[in-house]
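Please read it alongside the sequence and the structure.

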Amino acid sequence: MKLPPVARFQRWWQRLTPHRQDRFSVLAPLAAVLLFLAAIVAAFGYLRLEEIAREQEAVKRDVEYTQQRLRLRLLERQEQLMRIARELSNRELNADEFESRAEAMINQYPELQGLTWIDERRRIKANVGTASLSANQLRAVGSTLKMGETENTYNLARELQQPIYWQGAAAPDSTATLQLHIPLSDRAHFLGVLLAEYSVDGLFRYGVPTEVSARYAVSFHDAKGGLLAGTSIPARNPANRLLPWDSPVNAYEVPVSPVGNGLVIRGQAYRASLGVIGSGLFWLVTALSAMTAWMLIANWRHTRRRMQAQQALVSETSFRRAMENSMLTGMRALDLQGRITYVNAAFCQMTGWNESDLVGRTAPFPYWPEADRDSLAFRLEEELSGRTLPGGTQVRVKRRDNTLFDARLYVSPLIDARGTQTGWMTSMTDITEPNRIREQLSASHERFTTVLEALDASISVAPLGSDELLFANKLYRLWFGTMAGGHLQLVAEAGVPVTPPSDESLDHVDAFAGLPTNLLPETEAESAEIYMEALGKWLEVRTRYLSWVDGRLAQMVIATDITARRIAEEQSAAQTERAQTASRLITMGEMASSVAHELNQPLTAINNYCDGMVSRIKAKQISEEDLLGALEKTARQAHRAGQIIQRIRSFVKRSAPNRALSKITGMVDEAVELAEIEMRRRNVRLTHYVAPRMPALLVDPILIEQVLVNLLKNAAESVDSAQRPTAQRSVKLRVAPSQVDDKPVIEFMVIDSGRGLAPEVMARLYEAFYSTKADGMGIGLSLCRSIVESHLGRMKAENLYNGAEVTGCCFSFWIPMTESLLPKAQLPHRQPRTPG
């Protein structure tokens, strides 16, 4: 029968001890008071947070509305100024007409302070401004644009060919201004800029709606947070807040488009405080709740002290009983006659017999196995006579379900309070699991030793500062015998010190000198490749320090035979070098007709000069001065032909990789001069840009030139095969610094105006011997990527789009500016020894 809730509560209450009833009777009102206080705090906090959220949403909405108004106003002015710029670009306006139009526009829109017409040579052709402009803001007609931020923005507008906004810093005697540079161009020819200057204060007065400025403190700020116009409310000190949820002034800011982060509009709400009544009510409720809780806690502490005496006796009894029952070691007491007088709970749990089944029993005991009764009876007689072993004895014990387990027994005399021996105390520990683990460890050690003996690497362990060999596997014994000489020789050849040096900066091991070896942490392994003349093998030697089983600091050496790998690497390097040379020869073979045409020009000029001089000498119609001039021209043409041949010879010659600090401009110029021959033959325009102050790269210049020539030649072929019109037949080469994974790199980009790459071609772009040309070998791009990756760089290709139409392709690769490109001879580690 299910009891009602009230009856169940009464039964539960009656089962509690008086001490727990007192505790619950005090804690229940205390919990109610705390819950009431928490509810009041939550209500105040919720209402305040909801109010703050509404204020923040209103500020955000009105500030975004103001930003849209300013954006539309600036875009409208920008459109009007761009119409004037188009008329200036089309030469439909002269200086006088421009000044008339500019003056009318400035009078119509008060936020405009001035309009300036600047030609392509940075000279002021016309300037119209308001009377409020300061002396340092006036620009005289005919003067040149001054150095500074205005010139930088001028150059940016010239490069990007689009309107550029710039927020200038306010001078001490003038207000902050906002500049708009609109480029003037005629068929991609830069003609200058139209410079419009806005007053930030005027934008604020005529662009911010009055209903918004009446409700909020609206202000304009620059990118660094500086106040440009408007008013701003200072932040409230957190120490002056009355309530925890009394947040600072609500504010919202957003950049003014299209200016960007250079001009930020910020709105701050005017907020009144909560008032003394609201704060006083909160603190009154808090004080009353705290007083009530304090009185309840004091009453509970008084009751607790009253019950301490009674609880001490119960706790002492429970503690002793708990200690007795919580012991994991089985305890058994025998009297002097060998009768069991006491067993604890752990002993009963181990054997499976109850206390009533064991107390009062004499030998043979029920937990003795039948097969071991004679030996156990003999040991019991020795224990009763006082002949016990300090290390205990190991026996087998039978459980009640007839299962057996291993146990170790320790026997000691049982002395009463008067110092008289009343019996013997025996402790029993179950050692079945330790025995099983010991057997598993022994088997595991045997398997581990078998694996080490079968490894194809030599493994040896020797203590530091000693000739003793602690461990050596089969391959080590086969190579070096059973002495530690081979171990020490490997360590010496690898360049690893046998003992930690005295200077901690030279090795990681010295930091652990003097520490107990059991506290030695894991250290990093050291590796080196060496050649052993006695064995005739290349070995990869890895060493690390470890704590040996006896606590000594030892060094383990693992030597692996890598002779086959070294031979394969040398063959691969030779094959790669031959492939690179072949690729350069193929490239020049494909460009042979263009090279012949390029050489034919200086040779034809030389022939013409020689024929002309012979004819005039025979006719005796040439002077010494004319003869010298003709000979100088002939020499220049011969020098030009020699330079072409020398450049081709240096490009196609076979040489070992030679990395050195090389100038980027020199490599680009060499590659451009070689590629321009092919460009002129295919009627393709080549333009290149190299960023100023570029650092030198540690590369092989011939290999980098090979990559650039291959990419430029492929770009010219792509443009030619696309049959683009003359105006669109162009290839661009751009070299500039960049960042990849927060590391500085130099990026090379080749951009063509061809038809791009098909998806199936893009998937197999770097596959060796794959080519889309009828006469191509398919090794050019594969070698290019190998060259770039050998310089720790990366290469990629992507199509360029104008909407859904492919307008060209961009091949790019980057080379890192890191010390990892240093040759091995310059790196701070031991160079492997070579045979002989």
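This is a predicted model: local features need pLDDT of at least 70, side-chain atom pairs count only at pLDDT 80 or more; totals for chains, interfaces and linings use all residues.

## Strand pairing

Strands β25 and β26 (residues 805-816) run antiparallel and are joined by nine bridges, strands and helices (H or I, at least four residues) being DSSP runs numbered from the N terminus, with at least two residues of E for a strand.

Residues are numbered from 1 along each chain as its sequence is written, and side-chain values use heavy atoms, with hydrogens and water left out.

## The sheet

The order β21-β23-β24-β26-β25 describes an open sheet of five strands with mixed pairing, where two strands pair if DSSP finds at least two bridges between them. Its edge strands, β21 (685-690) and β25 (794-802), each pair on one side only. Direction ignored, neighbouring strands of this sheet are turned by 20 degrees against each other on average.

## Helix α17

Helix α17 lies across β21, β23 (730-740) and β24 (743-752), running at about 175 degrees to β21; angles run from 0 to 180 degrees between N-to-C directions, and axes are lines fitted to C-alpha atoms, for helices over the stretch in contact, where contact means heavy atoms within 4.5 Å.

The axes of α17 (residues 664-681) and α18 (residues 701-722) come within 9 Å and cross at roughly 30 degrees.
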